[in-house]
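Keep the model open while reading.

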Amino acid sequence: MIKKEQAHLEEEKLVKEIYDRSINKEIIVLDKYLHFKDTLPGTDAKYVIHPSNRGGYIAQAVTISPDTIELKKAFPKKWTEELPDYLTFCHNSRFLIAGESLDDVMHACNVALKE
C-alpha cells in the first residue's frame, strides 16, 4: 500500500510538470495514463488526453475538485446520440470520449471547448 501511494504521488508530480510545460493549459496530453484526478482540478485544464489500453486515444473531462464527479466541462450532449465521424465513442455521462488518433481526439476536445 505504501508503494502504491508513492507511485501515485510520483505520477501527480509528473502530471504537474507536464501541465506546467503545456502551451495549451485547457487540454493536457499525456504519453500514458497517469493519475491526474487530484492534480488538475485546481488548474485551467478541462480535458486530459492519453493513449487507450484498447488502442487509439481517449480524453477525459477534468472534475471541478478531486472529491466530486462534477465536470468542469462535459463533452457535448449531442455526441451521446450522434457521434461525430472523428470519434469512436462518447460515454453517456459525457466524461470520456475515444478516437482512433491523437489528432481526432485533440480535434474533438477543441470542438467541445467551443460548444
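Does Cys109 count as buried or exposed? Cys109 counts as buried, at 0% relative accessibility. Buried means under 20% relative accessible area, exposed over 50%, and partly exposed in between (1.4 Å probe, protein chains only). This is a predicted model: local features need pLDDT of at least 70, side-chain atom pairs count only at pLDDT 80 or more, and totals for chains, interfaces and linings use all residues. Residues are numbered from 1 along each chain as its sequence is written, and side-chain values use heavy atoms, with hydrogens and water left out.

**Nonpolar cores**

- A nonpolar core is a set of buried Ala, Val, Leu, Ile, Met, Phe, Trp, Tyr and Cys residues joined through side-chain atoms within 4.5 Å.
- The largest such core has 17 residues; Tyr47, Ala59, Phe75, Trp79, Ile97 and Cys109 touch the most other members.
- Elements giving two or more residues to this core are β2 (47-51), β3 (57-61) and α2 (102-114). Helices (H or I, at least four residues) and strands (E, at least two) are DSSP runs, numbered from the N terminus.
- α2 gives the most to this core: five residues.
- A second, separate core has eleven residues, including Ile18, Ile28, Leu34 and Ala45.
- Ile97 touches, among others, Phe75, Trp79, Cys90 and Cys109, not counting residues up to four places away in sequence. Contact means heavy atoms within 4.5 Å.

**Cysteines**

- The disulfide count is zero, where a disulfide is a pair of cysteine sulfur atoms within 2.5 Å.
- The sulfur of Cys90 has its closest cysteine sulfur in Cys109, 11 Å away, so the two are too far apart for a bond.
- Cys90 also counts as buried, at 9% relative accessibility.

**Salt bridges**

- The structure holds three salt bridges, each a side-chain nitrogen of Lys or Arg within 4 Å of a carboxyl oxygen of Asp or Glu.
- Lys16 and Asp20 pair at 3.0 Å, N to O. They sit four residues apart in helix α1 (residues 2-21), so about one helical turn separates them. Lys16 is partly exposed at 37%, and Asp20 is partly exposed at 45%.
- Glu26 and Lys46 pair at 3.4 Å, N to O. This bridge links distant parts of the chain, 20 residues apart: Glu26 lies in the loop between α1 and β1 (27-29), Lys46 in the loop between β1 and β2.
- Glu115 pairs with Lys78, the closest N and O atoms being 3.3 Å apart. Glu115 lies in the segment after α2 and Lys78 in the loop between β3 and β4 (89-90), 37 residues apart.
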